[in-house]
Amino acid sequence: MIRAVAALVFLLAGPAAALEFSLPATARQTVERDTAPDIYDAPVGVFADGKVPVVTVEGPVRRSAWRLDSPGLTPFQVMRPLRTQLIDAGYEIELDCRAVTCGGFDFRFATETLPGPNLYVNIRAFQFVTGLRRDEGKVVEVITLLASTSATSAYVQIIQAGEVSSVSATAAADAPLLVSNDKDVEKGVTAQLLSAGHAVLPDLDFATGTTDLGPGPFGSLTELAAFLEAQPDMRIALVGHTDTVGGLDTNISISRARARAVRQRLIESYGISGARLDAEGMGYLAPVANNLNPAGRESNRRVEVVLLGAE
């Protein structure tokens, strides 16, 4: 049971009185980010049909993250007292879901979160709550809470926003999806990772007939390294693929060696921990194009990156 002993005060926009959240004495703030005016897409439903329904909020947006150095907690233990405080303050709970029911990985990366290492989100152990305050039936303020835990600590994110626009929670199901709060993550390898969970590293160059990775630099690796730095607990697998020229055993060895070369480059040139990088080869067993023509064979010769989840 968490005791609410450390008071954290948040002054909300609008006529409502200040809402005071309480967290355990072990909580320490890792980051605070306030923007005004701004727009916040507050989730009001779970991930389904490729999107998360949101209510769009315009006005001041206050974001903060907190770390609790308390081992053995569950997301529910962290969230329960915060959710109770929301209800007691007159907020209606519009969304209350846990990792799998929220939509797991898809929900996590379609929802705004502060970047690591200030906030750690365990894909398998998090809970999300959205509270709305209405005035004469109209939403006027929103608070979202995210709690996530690991074996040794827990994290809490609190986002609050006021001056809600005319977009209703029902209509907002068609609103644009916020994939990430990182402004640099808009397209390319990272966007494919966030939307599909895997992506081809398209600009890698291997000398013909060898497994030696060219000197580069390669934009896809730079982008991937930046993503891994922003998500310090995320693990990936690098998977090599070939065309059908040659035997299966030979092609599996070549594809694995090329994946390992990419892994080594990420370690040596970008400082990514090897413990976060797996490397395997599939040979010609997973083609993406027809091996009967040169263009198809070239497409099949590739190295992909696959998200494995948080450590």
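Trainee: How many residues line the second largest cavity, and which of them lie nearest its centre?

Mentor: The second largest cavity has 13 lining residues, and R108, L119, Y120, V121 and Q231 are the ones nearest its centre. A lining residue has an atom within 4 Å of a cavity point. The model is predicted, with local features needing pLDDT of at least 70 and side-chain atom pairs pLDDT 80 or more, while totals for chains, interfaces and linings use all residues. Residues are numbered from 1 along each chain as its sequence is written, and side-chain values use heavy atoms, without hydrogens and water.

Trainee: What makes a space a cavity, and how much space lies in the second largest cavity?

Mentor: On a 1 Å grid over the protein atoms alone, a cavity is a set of points where a 1.4 Å probe fits but cannot get out. The second largest cavity holds about 100 Å³. The structure has four cavities of 30 Å³ or more.

Trainee: Why does T113 count as buried?

Mentor: T113 has a relative accessible area of 4%. Buried means under 20% (exposed is over 50%, partly exposed in between, with a 1.4 Å probe and protein chains only), and T113 is therefore buried. T113 lies in the loop between α3 and β6 (126–135).

Trainee: What makes the pairing of T113 with R108 a polar contact?

Mentor: The side chains of T113 and R108 are 3.1 Å apart in this contact. A polar contact is a pair of N or O atoms within 3.5 Å; within protein, one must be able to donate a hydrogen and the other to accept it, and residues adjacent in sequence count only if both atoms are side-chain atoms. The side chain of S64 makes such a contact with that of W66, at 3.2 Å.

Trainee: Why does S64 count as buried?

Mentor: The relative accessibility of S64 is 2%, so S64 counts as buried. S64 belongs to strand β4 (residues 54–68).

Trainee: Which peptide bond ending at P37 is cis, and what is its omega?

Mentor: The bond from A36 to P37 is cis, with omega near -10°. The bond from G216 to P217 is also cis, with omega near 5°.

Trainee: How does the span of α6 stand against what is expected?

Mentor: The expected span is 1.5 Å times one less than the number of residues. With 23 residues, α6 reaches 32 Å from its first C-alpha to its last, close to the expected 33 Å. Among the buried residues of α6 are A259, V262 and L266. Just after α6, G271 takes a positive phi of about 70°.

Trainee: Which members touch the most others in the largest nonpolar core?

Mentor: Of its 30 residues, these are L201, L204, L224, L238, V262 and V305. Of the elements, α5 gives the most to this core, with five residues. A nonpolar core is a set of buried Ala, Val, Leu, Ile, Met, Phe, Trp, Tyr and Cys residues joined through side-chain atoms within 4.5 Å.

Key:
Helix = DSSP H or I, 4+ residues; strand = E, 2+ residues; numbered from the N terminus. 1 Å grid on protein atoms, 1.4 Å probe; cavity = no way out; pocket = protein on both sides within 12 Å on 5 of 7 lines; lining within 4 Å. Points joined across faces, edges and corners; volume = space filled by probe spheres on them.
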